[in-house]
Amino acid sequence: METDEAAPCRHAGIPPATVVDSVVRLVENLGTHPGLLAKHGLTQQEFSNALPAAIEQIRGRRSAATGARQEFMTIMLQGLVDRGIASALEVPKSGADAVYRLTVDGIGDVAVIRKGAPDGTQGSVNWNVPDWAQETYLWWVFDGMKRNPGSEVAKGVSRLRKVFLTEDRKMLDGVIFHNDLCGTPGRLCPKNEYAADFGDWRLPPPCVYVMPDHDPDASSWNWDGATRRKFPGLLLGAFGIPAETAPLFTGHVGFRIGERKVKRTVITSRFGPANATTYRS
């Protein structure tokens, strides 16, 4: 799919649509097997009535499982402190907004907002830039394998474009897609040669994208990737990537309003010299 080009990594085992359809039919047809249902203390009517609520409960449990995401984010950012890239880390308290305050040498305080699935209001719309932040990043810690990472990033950026073009609030400086699945056989990454140790994980560098600055008088924002930020280079430095080559590993997001008010998006991911993938809507 074209949207896959928003990131270079790929999932090794995305179930084909035919397999997904077969699983759907299997679940739906369970209600036609009274003997099987009886073994679980259910009647056919009870199963039919409870199926929608059961599906929602499964989805809710998966989306609410933030403990693993919090552990990943804390270990990653503490790794920047341990390497001397940052001098302090403030981890959000349980139940608070998942905003990590990282004091970074040469920048000041950087806000990292932890989110899950990019394709959703909670994951890409419900955020605010803290007053204290010199730079702010949305970090998608997402292990879903229904779509390739590029398609997930494209869906998240599509929601961010609407915020960018319609809402009057301070905007993000960038977005990041990365979790402990990256670089494993399940999510193949072309940046594995730059992998570094963070806790018990050995991880490749994240996919980092610089977001545009908003100018209400413009019709094109960061379309050519000219906007620069400080934090991406420092983050990539934790993986041994020198500052002078960090731009070769830093992607960008751009927006444009063309003729007849057509809204367009460009998402470029870079993963080394002469290596890049680009998605344009």
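Is Ala 274 buried or exposed? In this predicted model, Ala 274 is exposed, with a relative accessible area of 86%. The residue sits in the loop between strand S13 (263–270) and strand S14 (276–280), and its phi is near 60 degrees, a positive value in a residue other than glycine. Most residues other than glycine have a negative phi.

Asn 222 belongs to the loop between strand S11 (220–221) and helix H7 (231–237). With a relative accessible area of 8%, Asn 222 is buried, because that value falls under the 20% limit.

Turning to the protein as a whole, the secondary structure consists of seven helices and 14 strands. Along the principal axes, the C-alpha atoms fill a box of roughly 65 × 50 × 35 Å. Of the 281 residues, 43% are buried. Among contacts with a separation of 6 or more, 63% join residues 24 or more positions apart.

Buried residues in H6 include Val 153, Val 157, Leu 160, Val 163 and Phe 164, along with Glu 152 and Arg 161.

As for the surface, the accessible area of the protein comes to about 14600 Å², with 51% belonging to carbon and sulfur atoms. The protein carries 33 positive and 31 negative side chains, and the centres of these two sets are 5 Å apart.

Definitions and conventions: Residues numbered from 1 in each chain as written. Predicted model: local features only at pLDDT ≥ 70, side-chain atom pairs only at ≥ 80, totals over all residues. Heavy atoms only, no water. Helix = DSSP H or I, 4+ residues; strand = E, 2+ residues; numbered from the N terminus. Buried < 20%, exposed > 50% of the residue type's maximum accessible area, 1.4 Å probe, protein only. Contact = heavy atoms within 4.5 Å. Areas by Shrake-Rupley, 256 points an atom, 1.4 Å probe, with all protein chains shown as cover. Lys, Arg positive; Asp, Glu negative; His and termini not counted. Charge placed at Lys NZ, Arg CZ, Asp CG, Glu CD.
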